[in-house]
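Hi,

Here is the structure I promised to send over. Have a look at it first, then read on for what turned up.

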Amino acid sequence: MSATTHSHHDQHVRRNFVCHCLEGGLYMGGVAFLQPETVMPKMVESLHGSPLIISIMPAVLAATFAFAGLFVSPKVERLTHFKGWVLCFGLLQRLPYLIAGLVLWFAEHLEGWILPVVVLTPVMSGLVGGVGVVAWMEMVTRMVPERVRAAGWAARYIMQAVIGMGAGAVIHQVLTHLPGHRGYAVLHLIAFGFLFLSWLSQLPMKEAEHPVHVPRTQPVSYLNYLRSLPGMLAAHPHLLRLIASRFTGMGYLMLVSFLTLHALKVTGRAEADVGRFVSLQNVGTILGSLLAAWLGYHSGGKVLLLASRLICMGLCIWSCFTESFIGFTVVYFIFGFGLFLDRVGDLTLTAELCPAERRSTYQAILGFCNVWALLLATTLSGLVFRQTQSYTFVAALAGCFALVSTFILLGIPEPRHQR
């Protein structure tokens, strides 16, 4: 490779890395105005949603995102370039937030529609986004070098957290001055503004003209494709362990569905104080992501997942015994810290465990399995809370799940060390 060609390649890598960070930071920063872990459960409760609906709100966007991947991965595997696919479905996935904001603003005579609109917005966004997410993941994996992937994920989360800190103050002001559906309409419209900016930030990204991993040229029937999936997984037992660790590593989601309700009930604070929790959670996100970037660069993703599981167990204990508002702000700080160690670690370890030749399909299989992990965890916590009306029982269950996940993770080798 000539010096000029090498210089151009480095420029493309740097530009792609910056755009990758901006896209994710702006997208997740926008979603922070409708924080799935804090704002959405309280929003649904205020609209008289059932405990089961409340319990799934933190997971519904991620679950629907992962659902469609398995059905489109045969098509994605045959693509040589991904940007057009990603941009098309990326724009469509953002539109439900605009539509929801407009519907909620003019909803004076549509009382029966408000709850369905609030719940279906992340569902529709996730289902459409899921069509593009497999291609997006493959595009990013090719564009971002292995050693800086953890730093890239962490930079996205740090940017999200910085925006989220401001979002906490905005949420507090909006819900104070515009309580009810108009306040939630404003939050949906602000979220859409950030999501659209995140879409625009992908436009300068440049794909390699000659892809490193050439796709399979011979298409196979979808039935044969499905039949091949169990054998693909069986050939890589470490991926089976990763699926098991994800199934049992959902302690944070099990907690958070009812953590906000528990905190407001115990402290007697107003609904608008949810914004304070969002701000402290994002401070934890920044520090957790910085640590994740450093550890992920030097050690890979496994150590991040192990640390996050230990923090989750400590969080389960602390959140059951604290009763002060300050104590719960600490809980949300620890929650943000541990959750984003988990997310950076999971993305890093998954990308490095999946064989490069059919990475799109492996990512889709793992994502599809993750749907059921998310739904199992949130539904189980909802059932436990509905039967017991006790946050303590939910926290105890989440802590046990985190402990089991820790032991499963110990059996997965760090792929970077193996190489």
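Searching the whole structure, which is a predicted model, turns up five salt bridges. One of them pairs R156 with E23, and their closest N and O atoms sit 2.9 Å apart. R156 belongs to helix 7 (residues 149-177) and E23 to helix 1 (residues 3-31), so this pair ties together parts that are 133 residues apart in sequence. R156 counts as buried, at 7% relative accessibility, and E23 is buried at 7% too.

Next up is D346 with R246, where the closest N and O atoms are 2.8 Å apart. This pair also links distant parts of the chain: D346 is in helix 14 (residues 325-353) and R246 is in helix 10 (residues 237-248), 100 residues apart. Both D346 and R246 are buried. Through shared partners, salt bridges also join E23, R94 and R156 into one network.

E138 and R142 make a salt bridge as well, at 2.9 Å between the closest N and O atoms. These two are four residues apart in helix 6 (residues 111-143), so about one helical turn separates them. E138 is buried at 4% relative accessibility, while R142 is partly exposed at 29%.

What about disulfides? The count is zero. For C21, the nearest cysteine sulfur is that of C19, 9.3 Å away. The sulfur of C400 is 8.7 Å from the closest one, in C316, which is too far for a bond.

On confidence, the protein chain has a mean pLDDT of 83, with 92% of its residues at 70 or more.

Cheers

Methods: Residues are numbered from 1 along each chain as its sequence is written. This is a predicted model: local features need pLDDT of at least 70, side-chain atom pairs count only at pLDDT 80 or more; totals for chains, interfaces and linings use all residues. Side-chain values use heavy atoms; hydrogens and water are left out. A disulfide is a pair of cysteine sulfur atoms within 2.5 Å. pLDDT is the predictor's confidence in each residue, from 0 to 100. A salt bridge is a side-chain nitrogen of Lys or Arg within 4 Å of a carboxyl oxygen of Asp or Glu. Buried means under 20% relative accessible area, exposed over 50%, partly exposed in between (1.4 Å probe, protein chains only).
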